[in-house]
Amino acid sequence: MATTFLDSSELVLNMGPQHPSTHGVLRVILKLDGEKVIGAECVIGYLHRGVEKIGENRTYQLFAPYVDRMDYVSAVSNGLGYCLAVEKLIGAEAPPRAQAARVILTELNRVASHLLWLGTHALDIGAITPLFYTMREREEVLKIFENYCGARLTTHAFRIGGLQYELYDEFEEQVKTFCDEFAGKIDEYEELLTGNRIWVDRLTGVGILNAEDCKQYGVTGPVLRASGVVWDVRKAQPYSGYDRYDFDVPTRRNGDTFDRYFVRMAEMRQSVRIILQAIQQIPDGPIMARIPKVLKPPPGEVYVSIEAPKGELGYFIVSDGSLRPYRVRVRPPSFVNLQALNKMVKGALIADVVAIIGTIDIVLGEVDR
Amino acid sequence: MAVTPWSSPLTERLSDRFTYVAGEFSTYAGQRFFTATSAILPALLEYLKTDESFDFLVDLTAVDYPQRAQRFELVYILYSYRLNERLRIKSNVAETEKPPTVTGVFAGANWLEREAFDMFGIEFAGHPDMRRILLPDEWQGHPLRKDYGITQMDNDWVRENLGIDSGQ
Amino acid sequence: MFGFPFIRVLRAVFLMDLLQGLWVTFRNQNPSKIYTEQYPTERPKVSERYRGAPRLNINPDNGETLCISCNLCALACPENLIVVGSERNEQTRHKDLITFTYDLSRCMFCGLCEDACPVDALELTQDFELASYTREGAIWDRQMLEEGPHPARYK
């Protein structure tokens, strides 16, 4: 009797789709041995909206607002990737002024995305204060987006061929003020978190993913860089004028959660560096290339990828010469990164699972599309 | 822009080693691709990964061409860290055919192949866990096929599980 | 001093790292700028380019609508939710606008209709209080579009 009662076999625990720490509707089925996790299986698809099917039914310009809604936290990046892909398909290129403005807005969006990541990740681990401070900074970035294109979250900021709206008068001043104050704010977050023994203990040694596994799973973004592989699409295959700016690619060696935190904080600083360089030298000129209003790209297919805040975001567009794309495939970084969850949680405790899901930085809108 | 043929030491080594790589090696808009038969794919990708250092599977997807005899075209995009190059491999698969899985070569192909099965109905032989990933497990139909309407849904599943007449 | 890092031990025993974090929190008490907007009492100022509720503009000189019924906004909408009803006026040889239906429930406020309009008749304004009690109430006809929503204001 007593032995069957104390039978320690595997327990299956459901971390269901409604959970405050799963960053969206993600269901994780955990197999536990006591408190230790021996396996995790993710069930996704709760936010599947069929974006790729919609892409086959809209013209190229009309599909751009839908693209913002995949990784809704960094809508500007998604728009940049899509516009670059279609521009490659038709053989056009945005003028230099548009490219500089695109870089500034995309890097601002990277800062906003990492701020949201930091706030929610700290909140999951239990540090409630950084959430308020990061949301305060994010508010400034969203105000700049609102002043530029009229919406804070689903910005639809870029058009195929360049920009629709001219940069408004106070743009330079507002961006410069933001950048000048922001360096001090990152120091403040680091003061709160980096030396804090609770933070360090919760994050070091948790969720280790070494470089070889990263390459096997196809993991990209800050997760890959924290494992030691120095690779950033902005440096490897520059787009939109990134080769004109001078910035570092932060990497660390261990590949645990603390290193990913470190890499993202350093990335925010590098983004500010890029923005300050770009804002000094915005060239004058037109903001839109000369492309026909009715876009009919020649038949063919292209794959273009950018460095989104979450990883390598790629667009594979097949055109058959008609008004609508034949196939739009989005290579979502969060989907591919989430596959590595099973590997990362083996041997961790349940509380660490929450930290690991937060550190991969997934947005379910992108995982499910 | 037109599709231009591409030849390099890599293409020669591939043609020597895999005598049944169908189709030519081509370039379009600066991006290189070639077509291969589906049976040799695991061996081809293994060779590219170990000997040619294309060790990153960027994407695995499919395109539906219903008017062709071999309806689906599988697309594998590989990247090499050392050479900083991308390569696209396409493979034509008929509707009832089951191409071999590449999860033995790249572990990251697991979910990508499940998504191709979910959206197109392409079953991969040898896959450890071949079931739907984004749609519910009992869903009938494969949405990204060209004969699936844009507002079409699996009405039986909707009626049974959601209790409403139709999702529209 | 004693052969091991004395300062680090002191830091650990006296919780210096935690106190450092607490000091950041105390520094931020009573901040100079409050970011919370007390919404119903003070309405936030949104930017000039804000994409809010649509409006059909009227020519201020003669009180007629600026819309020329070219249907470009309907073609530019990704969701196909604009329906422009017009009839050709034989005398002026132009089209006259009769009905203009805009389905706000499906609108994603992307701004493509505003960009497409050649005469700046359709404009997305700064209005964001667009709730209605019924689904049909979200389908706006021409009158609603010209006058704008009148949300009940509570004192």
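How many residues of chain A are in contact with chain C, and how many of chain C with chain A? Taking contact as heavy atoms within 4.5 Å, the answer is 34 residues of chain A and 28 residues of chain C. This is a predicted model, so local features need pLDDT of at least 70 and side-chain atom pairs count only at pLDDT 80 or more, while totals for chains, interfaces and linings use all residues. Residues are numbered from 1 along each chain as its sequence is written, chains are lettered from A in the order in which they are written, and side-chain values use heavy atoms, with hydrogens and water left out.

Putting chains A and C together buries about 2600 Å², counted as the accessible area (1.4 Å probe) that the two parts lose, summed over both. Carbon and sulfur atoms give 46% of that area. On the chain A side, Leu62(A), Glu191(A) and Arg197(A) lose the most area to chain C, together 23% of what that side buries.

Four salt bridges turn up across the interface, each a side-chain nitrogen of Lys or Arg within 4 Å of a carboxyl oxygen of Asp or Glu. One of them joins Arg58(A) to Glu79(C), at 3.7 Å from N to O.

Away from that topic, there is His114(A), which sits in helix H5 (residues 96-125) of chain A; helices here are DSSP runs of H or I, at least four residues, numbered from the N terminus. His114(A) counts as buried because its relative accessibility is 0%, the cut-off being under 20% relative accessible area (1.4 Å probe, protein chains only). Beyond its neighbours within four places in sequence, His114(A) is in contact with residues including Arg264(A), Glu267(A) and Pro309(A).

How values were computed. Helix = DSSP H or I, 4+ residues; strand = E, 2+ residues; numbered from the N terminus. Buried < 20%, exposed > 50% of the residue type's maximum accessible area, 1.4 Å probe, protein only.
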